[in-house]
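Here is a short note to read beside the model. Please keep the sequence and the 3D view open as you go.

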Amino acid sequence: MALLENLNSNREVIISDAIDHNGPTTPRATRAEIHLEALRHNVRAIRSLLQPEVKLMAVVKADGYGHGALPCTRAVLAAGADCLGVGIVAEGVELRENGVQAPIQVLTGHFPNEIDDLIQHELTATVWNSSMAKDLANRAAECDRQVGVHVKVDTGMGRLGGTSDNLPALMEFIHHSKNLRAEGVFTHFSTADEEDSEFTTLQLERFQATLNKINQGEIPAPPAHCANSSALLRYPESHFSMVRPGLILYGALTSKNLEPALDKLLGSTAEKKLRPVMAWKTQILQINKISKGSPLSYGKKFITRRDSTIATLPVGYADGLNRALSGKMSVLIHGQRVSQVGTICMDLCMVDVTDLPQVRAGDEVVILGRQGSEAIAVEEMADHARTIPYEILCCVGKRVPRIYIP
Ligand SMILES: *Cc1c(COP(=O)(O)O)cnc(C)c1O
C-alpha cells in the first residue's frame, strides 16, 4: 500500500515501506520472537551490578540490535533504564515521533545538516571539537533552544572524539554558551572484551587523566561515562556516572568466554542469568528424499553421503542467514540438532533430517534459541560465521517479522 501510494504521488519509492512488518496479515513462518520480559529481566540484572547512583543508558541503536528499537525502548525504560543511546539522528527521530520522552543521545555525532533535526526533536548531541559546538550553539540560539551535549574523547579507539589538548577550550565554550548544556564527557573502549586488560587499562588511565585536566579548570566536569557491555561486566572501576550497555541487554555476550565471569557476578541459575531476547524460528517448507551421491544447492558443494531426507527451510541470506554459515550451522527440529547442508540460498536453505523420524512439512525449526532441552546461542552462530554476535543480531533481515511477546 505504501509502495503504491509512493508510486502514484512521486517518483521516489521508499522500498523499505513496501513491507509492513507488523501488518495485519498472517506473519511469515520465518520470524523472530522478541521476548520483552527477558529484556526487562536483563535490564534489572544489569542494574543489580551497579552502584545506586550510576545511571543506565540503554543502547538501542541499529533498531535495537535488530530486535526493534521502539518496543525494546519501551521495555527497557519500563525496567528502569534512565536514558537511551542511538547510532544516528534518524533513529532518535523515530523514537521521538513515537512518543519516547527519555533523553536520547546520538552517540556517533552528526553532520551540520542534521542539527535542525537534533534540536527540533530534543536529541542529545555528541561533539568533539569547537566547530561542532559552535554550529550547534548558533543554530540553537536562532531557535531559542538549549541542547544537551556530551563531549567525546578519543582515548585509543582512533575513531571518534577529540584529544585531551583541545578539550579545555571546548568545555569552556560549552559552559559559557547559554544554548548548550554540558551533560557528559565520554570515551569508548576498543578491547574491553579481550582477555588482556592492558589496553583497556591504558584507555581508562587516559580518560581519568582527561577528567582530572577538566577538573583542574574553573569549570565543573560533567558526568563521565565509558563502559560498554564488556567493560560494565569486567571493569567496575569504569562505571563512573553512567554505563552504556548494548549487547548484554539483549542477552548476548561478546564471547562465551565472558560467561564464567558473568555467572560469578549474577549467579549461574537460570533465574539469575541474562536471557537471550531473540528466538529466530521457521518451519519446514518441503521434505525431499534424496539418494546417496546427489549434489545439493548452488555450486553442488554438498553431495549426499547416504540416502537422505532433506528438509528445505524458507530462510536464506536475504533474511540475514549469513552465507558463510553454509555447511557449518545447525538448527533444532524436534528438540534435536540437525546440520545445515549445501550452500545457503537467498530465500532458502536445506537441512539434513535423515536421522529424525517422522519429520513433516510445517514442523517448527529453531535457528536461534531453545527447543526442548537444546539451545542454539547467537555466540555459537557467530563463531560458525567467523563474526561477532552483534553482526548476527543486527543482520536479521527486514523481511523477518518481529513478533513481540510481552
Ligand atoms: C554501541 C555502543 C555502545 C554499546 O556497546 P556494547 O558493546 O553493545 O555494549 C556503547 N557506547 C557507544 C559509544 C557505542 O557506540
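1. Start with a caution. This is a predicted model. Read every distance and angle here as computed from that model.

2. Look at the ligand next. Its surroundings include Val59, Lys61, Tyr65, Leu107, His188 and Asn228. Ser229, Arg244, Pro245, Gly246, Leu247 and Tyr390 also belong to this set.

3. Which polar atoms lie by the ligand's oxygen atoms? Lys61 brings a polar side-chain atom to 2.6 Å from a ligand oxygen. Gly246 uses its backbone: a polar atom there is 2.8 Å from an oxygen of the ligand. Leu247 also has a backbone N or O atom 2.8 Å from a ligand oxygen.

4. Now find His188. Where does it sit? His188 is in the loop between β7 (180-186) and α9 (198-216). His188 is also one of the residues around the ligand. Its side chain makes a polar contact of 3.2 Å with the side chain of Arg244. Arg244, too, is among the residues surrounding the ligand.

5. His188 has other neighbours. Leaving out residues up to four places away in sequence, it touches Lys152, Thr155, Met157 and Arg159, among others. Gln203, Asn228 and Arg244 are also on that list.

6. Turn to the helices. Two packed helices are described by the angle between their axes and the distance between the axes.

7. Take α2 (residues 36-47) and α4 (residues 69-78). Their axes come within 9 Å and cross at roughly 45°. That angle makes α2 oblique to α4. The crossing is right-handed. From α2, the contact uses Leu36, Leu39, Arg40 and Val43. From α4, it uses Pro71, Cys72, Ala75 and Val76. By class, this contact has seven nonpolar residues, one charged residue and no polar ones.

8. Compare α7 (residues 130-142) with α8 (residues 167-176). How are they arranged? Their axes are 9 Å apart, at an angle of about 10°. The two helices are therefore roughly parallel to each other. Ser130, Ala133, Lys134 and Ala137 of α7 meet Leu170, Phe173 and Ile174 of α8. This contact divides into five nonpolar residues, one polar and one charged.

Technical notes: Residues numbered from 1 in each chain as written. Predicted model: local features only at pLDDT ≥ 70, side-chain atom pairs only at ≥ 80, totals over all residues. Heavy atoms only, no water. Axes fitted to C-alpha atoms, helices over the stretch in contact; angles between N-to-C directions. Helix = DSSP H or I, 4+ residues; strand = E, 2+ residues; numbered from the N terminus. Parallel < 35°, antiparallel > 145°, perpendicular 65-115°, else oblique. Left-handed = near helix turned anticlockwise from the far one by under 90°. Contact = heavy atoms within 4.5 Å. Nonpolar A, V, L, I, M, F, W, Y, C, P; charged D, E, K, R; others polar. Near = heavy atom within 4 Å. Polar contact = N/O pair within 3.5 Å; in protein donor to acceptor, adjacent residues only side chain to side chain.
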